[in-house]
Amino acid sequence: MKKILAALLAGAMLASLAGCGSGGSDTLAQIKKDGKLVMATNAAFPPFEYIAGNEPAGVDVDIAAEIAKDLGVTLEVSDMDFNAIIPAVQAGKASLGAAGMTVTDERKQQIDFSDEYVKSAQYVIIMKGSGITADSLGEAGVIIGVQEGTTGDFYATDDIKGDPNTEEVARYKNAIVASQDLMNGKCSAVIIDEMPAKSIVAANPDKLELLPDVLTEESYAIAVKKGDTAFLEQVNKTIARLKSEGKIDEFLIQHTGE
């Protein structure tokens with residue numbers, strides 16, 4: 001009986017070590033078992049994700065669809081608050097997170113990132129004729145609207161206002177709602193990524209304008225569960241293929257009309 005128990009324990013240890021050596025997580029196996037890849041996103045960040053005809057669309061949706069195609073499964077898009085995306089990936093409720101997500105050291109502690117696929121920057125939206133400049137953002141009484149949990153939020157809080165508890169940074173679920181409050185006079189400016197900023201201004205050309213100043217430069221990547229090596233390799237293979245085929249540029253043109 002002792003020999004049998006010892007053999008069982010040894011087998012369990014070997015299986016555990018084998019699992020660690022192959023990447024630890026079983027996301028890839030679960031995707032193939034379920035026949036679907038679940039993408040966690042926040043569909044209010046055009047052109048990367050938005051709602052068109054009651055369905056999620058955008059650059060990131062197209063990239064995720066290509067990943068699903070390469071795996072021979074269907075794509076399911078789960079729309080949620082931006083702050084819920086990383087926890088969903090960590091808990092295995094989503095296969096990956098794609099939402100114009102900037103690669104940061106803080107996020108790298110929570111999840112693993114794919115290869116980068118788009119360069120971006122933080123821009124400022126203001127009301128036409130308001131007189132707001134990049135230099136005046138830090139002045140008392142200037143309220144900056146941001147999408148909660150984004151790099152624009154962190155920049156406004158830490159670099160401009162220098163106070164994580166300031167009431168002069170107004171946090172919103174998405175940039176579209178923030179821009180609506182800007183037009184309603186509830187904030188002075190909105191900081192958001194370059195392409196969403198241009199999209200919002202283009203939709204409201206009589207009321208809004210974009211400051212020429214670039215606040216930060218950054219890169220987007222796809223989030224997967226930490227240690228999920230096998231799945232990450234598959235994601236990177238698809239991204240490499242799309243880059244080589246010029247598909248990501250095509251997606252950007254398709255969803256911006258440029």
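1. Relative accessible area, taken with a 1.4 Å probe over protein chains only, sorts residues into buried (under 20%), exposed (over 50%) and partly exposed (in between). The model is predicted, so local features need pLDDT of at least 70 and side-chain atom pairs count only at pLDDT 80 or more, while totals for chains, interfaces and linings use all residues. Residues are numbered from 1 along each chain as its sequence is written, and side-chain values use heavy atoms, with hydrogens and water left out.

2. Lysine 198 belongs to helix H8, residues 194–203; helices (H or I, at least four residues) and strands (E, at least two) are DSSP runs numbered from the N terminus. Lysine 198 is partly exposed because its relative accessibility is 39%.

3. Serine 95 sits in the loop joining helix H4 (85–90) to strand S5 (96–97). With a relative accessibility of 9%, serine 95 counts as buried. Beyond its neighbours within four places in sequence, serine 95 is in contact with Thr27, Ile31, Leu37, Val38, Val224 and Phe231, contact meaning heavy atoms within 4.5 Å.

4. One cavity of 30 Å³ or more is found in a search of the whole structure. A cavity is a set of points, on a 1 Å grid over the protein atoms alone, where a 1.4 Å probe fits but cannot get out; lining residues have an atom within 4 Å of a point. The largest cavity holds about 70 Å³ of space. Its lining includes Asn42, Phe45, Arg107, Asp193 and Glu218, and by class comprises three nonpolar, six polar and three charged residues.

Notes:
1 Å grid on protein atoms, 1.4 Å probe; cavity = no way out; pocket = protein on both sides within 12 Å on 5 of 7 lines; lining within 4 Å. Points joined across faces, edges and corners; volume = space filled by probe spheres on them. Nonpolar A, V, L, I, M, F, W, Y, C, P; charged D, E, K, R; others polar.
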